[in-house]
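Thanks for coming, everyone. I'll keep this short. Please have a look at the chain on the screen.

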Amino acid sequence: MAYTLPTELTVNLSSGVSTVLNAVKITTTGAKTPFMLPKNSGIYWGQVTFHVVLQSITVLTAALEVDLTNTDANFVTMNGFTGINLFASPSQVFNLNGGNARYRWNITTLTDGGTDGCFIWAVAG
């Protein structure tokens, strides 16, 4: 059972303070490092703001995936969260559950005019 340790938005920084979701610049398509919202299941459900810091990227689309089983192979795309254009709208706000859910961005298309890549930041609360 594979398990990728997620970036925890309330462990690295307090809720309400932004943190970068990927320590390494995104320069390729595919699934990225998972992230979690506050662990106290049932007490958090609310807005998460994502901010993509683009460099020389001209196309960037993604799907938002979720896993509730702690098994990487079980990540599934959330209903209605495919084809998200992070280039045209580099700031996105979604309502997500906290607790046991692990989320991750799966980059589906990426056109990078150089090798600058991008970072995805998030803040919950």
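Some ground rules. This is a predicted model, where local features need pLDDT of at least 70, side-chain atom pairs count only at pLDDT 80 or more, and totals for chains, interfaces and linings use all residues. Numbering runs from 1 along each chain as its sequence is written, and side-chain values use heavy atoms, with hydrogens and water left out.

Fold first. How many helices and strands does the protein chain have? Zero helices and eleven strands. Both are DSSP runs, numbered from the N terminus: helices are H or I with at least four residues, strands are E with at least two. Along the sequence the pattern reads β-β-β-β-β-β-β-β-β-β-β.

Next, contacts, meaning heavy atoms within 4.5 Å. Take those in the protein chain with a separation of 6 or more: 82% of them join residues 24 or more positions apart.

Now burial. Of the 125 residues in the protein chain, 44% are buried. Buried means under 20% relative accessible area, exposed means over 50%, and partly exposed is in between, with a 1.4 Å probe and protein chains only. The accessible surface of the chain is about 6300 Å², and 53% of that belongs to carbon and sulfur atoms. Those areas come from the Shrake-Rupley method with a 1.4 Å probe; for residues, only the protein chains shown count as cover.

On to the core. A nonpolar core here is a set of buried Ala, Val, Leu, Ile, Met, Phe, Trp, Tyr and Cys residues joined through side-chain atoms within 4.5 Å. The largest one has 27 residues. Which of them touch the most other members? F50, L64, L96, Y103 and W105. Elements giving two or more residues to this core are β5 (45–54), β6 (57–67), β9 (91–97), β10 (102–112) and β11 (118–124). β6 gives the most, with five residues. In general, nonpolar side chains in soluble globular proteins tend to be buried together.

A cavity is a set of points, on a 1 Å grid over the protein atoms alone, where a 1.4 Å probe fits but cannot get out; lining residues have an atom within 4 Å of a point. Points are joined across faces, edges and corners, and volume is the space filled by probe spheres set on them. The whole structure has one cavity of 30 Å³ or more. The largest cavity holds about 50 Å³. Its lining is L21, N22, I26, K32, T33, W105 and I120. That divides into four nonpolar, two polar and one charged.

Finally, single residues. P6 sits in the segment before β1 (7–8). P6 counts as buried because its relative accessibility is 8%. Its C-alpha is 4.5 Å from that of F35, 29 residues apart along the chain. Beyond four places in sequence, P6 touches P34, F35, M36 and R102.

N106 is in strand β10. At 19% relative accessibility, N106 is buried too. Leaving aside neighbours within four places in sequence, N106 contacts G30, A31, T61, A62, A63 and E65.

Then N70, in the loop between β6 and β7 (76–77). Its phi is near 65°, a positive value in a residue other than glycine. Most residues other than glycine have a negative phi. Is N70 buried or partly exposed? Partly exposed, because its relative accessibility is 28%.

Terms used:
1 Å grid on protein atoms, 1.4 Å probe; cavity = no way out; pocket = protein on both sides within 12 Å on 5 of 7 lines; lining within 4 Å. Nonpolar A, V, L, I, M, F, W, Y, C, P; charged D, E, K, R; others polar.
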